[in-house]
Amino acid sequence: MHRERVSENVFWFQSEVYAQVTAGVVVGPQWAVVIDTLALPDETLTIREFIEHELNVPVRYVINTHYHADHSWGNCFFPGATVVAHANCRAYLEERGAPSLETAKRQNPALRQVKIVLPQMTFINGDLTLRVGKKNLILSPAFGHSDDGISVLVEEDRILFAGDSFMPVPHVVDGDVDDNIASIKQVAKLGLENIVQGHGDIILRGEIDAAVKENINYLNAIKKSVKAVAKRKNAAELLPDIKIENCGKSRVYLSGLAEGLHQSNLKALLYKMAG
Ligand SMILES: [Zn+2]
């Protein structure tokens with residue numbers, strides 16, 4: 001797992017085993033806040049180890065940016081912490097997380113100790129502010145990848161943990177393409193130093209404008225491309241011809257997962273357009 005210090009008391013982690021998924025830690029004098037929990041227990045426990053034995057504080061809060069397994073299934077490894085999320089995240093973890101964990105456990109013995117822990121503290125609209133040390137963490141809804149997404153702004157440092165509402169290849173299969181465009185436009189207004197994407201690398205200040213533009217262009221391009229084939233009888237068969245490069249993205253993103261994510265976006269859009 002990669003670890004980096006993003007600014008004073010703010011750390012970033014990136015998985016080396018699962019889709020470059022990321023997590024964060026913001027630490028104060030008495031306790032720390034974890035933002036997302038990664039996919040596999042080994043990596044989650046490495047984060048906890050770092051916080052407890054190198055930063056020498058306990059974890060008091062865990063924030064889930066959304067309910068997907070690779071961001072929330074590690075909640076159980078922070079037993080003393082309060083889990084904070086959007087109200088929809090709690091509902092989805094309960095309805096969908098629990099059954100999908102049962103299935104996943106049968107396929108992957110590494111998940112044996114995992115239990116779903118539902119967020120105890122939730123919000124629906126507006127912002128929620130959490131003060132840790134000298135920093136405000138501002139939690140705000142950021143839908144599009146899923147309709148329980150939130151982002152976490154480290155206000156003083158202008159660092160945004162965007163969750164999966166900002167990715168190297170936006171993924172809208174479980175969300176809504178227009179919501180994702182709206183979330184990305186929101187990001188552009190924040191005057192950020194860094195965007196921590198839910199997957200992939202940290203985006204630096206000088207790269208933000210281009211990344212925002214590229215993601216919005218991509219989402220508009222897939223809408224347009226799917227619309228163009230949707231009227232055809234064999235529309236589904238035509239989707240593989242809509243290559244990711246034609247929509248302004250490179251297939252090398254996320255170590256080769258990009259084209260797969262892209263094709264699943266096209267299928268989801270076609271399914272929606274077909275009603
Ligand atoms: Zn996700």
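**Figure 1. Burial of strand 2 on both of its faces.** In this predicted model, strand 2 is covered on each side: Val 10, Trp 12 and Gln 14 are buried on one face, and Phe 11 and Phe 13 are buried on the other. Strand 2 comprises residues 10–14, and five of its five residues are buried, so the rest of the structure largely encloses it.

Figure 2. Strand 1 (residues 2–7) runs antiparallel to strand 2, and five bridges join the two. Within this pairing, Ser 7 has Val 10 of strand 2 as its bridge partner. Strand 1 and strand 2 form a hairpin with two residues between them, and Asn 9 in the turn adopts a positive phi of about 65 degrees. Strand 2 is also joined by five bridges to strand 3 (residues 22–27), again in an antiparallel arrangement. Here Trp 12 stands opposite Gly 24 of strand 3.

**Figure 3. Protein donors of the zinc ion.** The zinc ion has as its protein donors His 66 through NE2, His 68 through ND1, His 145 through NE2 and Asp 164 through OD, at 2.1 to 2.5 Å. The angles subtended by the four donor atoms range from 84 to 178 degrees, which makes the arrangement irregular. For comparison, a tetrahedral assignment would require all angles to lie between 85 and 135 degrees.

**Figure 4. Placement of the zinc donors along the chain.** The spacing of the donors in sequence is H-x1-H-x76-H-x18-D. His 68 is located in the loop between strand 5 (59–63) and helix 2 (69–72), whereas His 145 is located in the loop between strand 9 (135–141) and strand 10 (150–154); the pair therefore ties together parts 77 residues apart in sequence. His 68 counts as buried because its relative accessibility is 18%, under the 20% cut-off. His 145 is likewise buried, with a relative accessible area of 5%.

**Figure 5. The buried side of helix 4.** Helix 4 (residues 177–188) has 12 residues, which at 1.5 Å a residue should span 16 Å; its end C-alpha atoms are 17 Å apart, in agreement with that expectation. The buried residues of helix 4 are Val 177, Asn 180, Ile 181, Ser 183, Ile 184 and Val 187. They cover an arc of only 165 degrees around the axis, and so lie on the same side of helix 4. An α-helix has 3.6 residues a turn, so residues three or four places apart point the same way. The elements covering the buried residues of helix 4 include strand 11 (159–163), strand 12 (194–197), helix 5 (205–230) and helix 7 (258–273).

Key:
Residues numbered from 1 in each chain as written. Predicted model: local features only at pLDDT ≥ 70, side-chain atom pairs only at ≥ 80, totals over all residues. Heavy atoms only, no water. Donors = N, O, S within 2.8 Å, 3.2 Å for Na, K, Ca; no water. Tetrahedral: all angles 85-135°; square planar, octahedral: opposite > 155°, others 65-115°. Helix = DSSP H or I, 4+ residues; strand = E, 2+ residues; numbered from the N terminus. Buried < 20%, exposed > 50% of the residue type's maximum accessible area, 1.4 Å probe, protein only. Pairing = 2+ DSSP bridges. Expected span 1.5 Å × (residues − 1). Arc of directions from axis to C-beta. Contact = heavy atoms within 4.5 Å.
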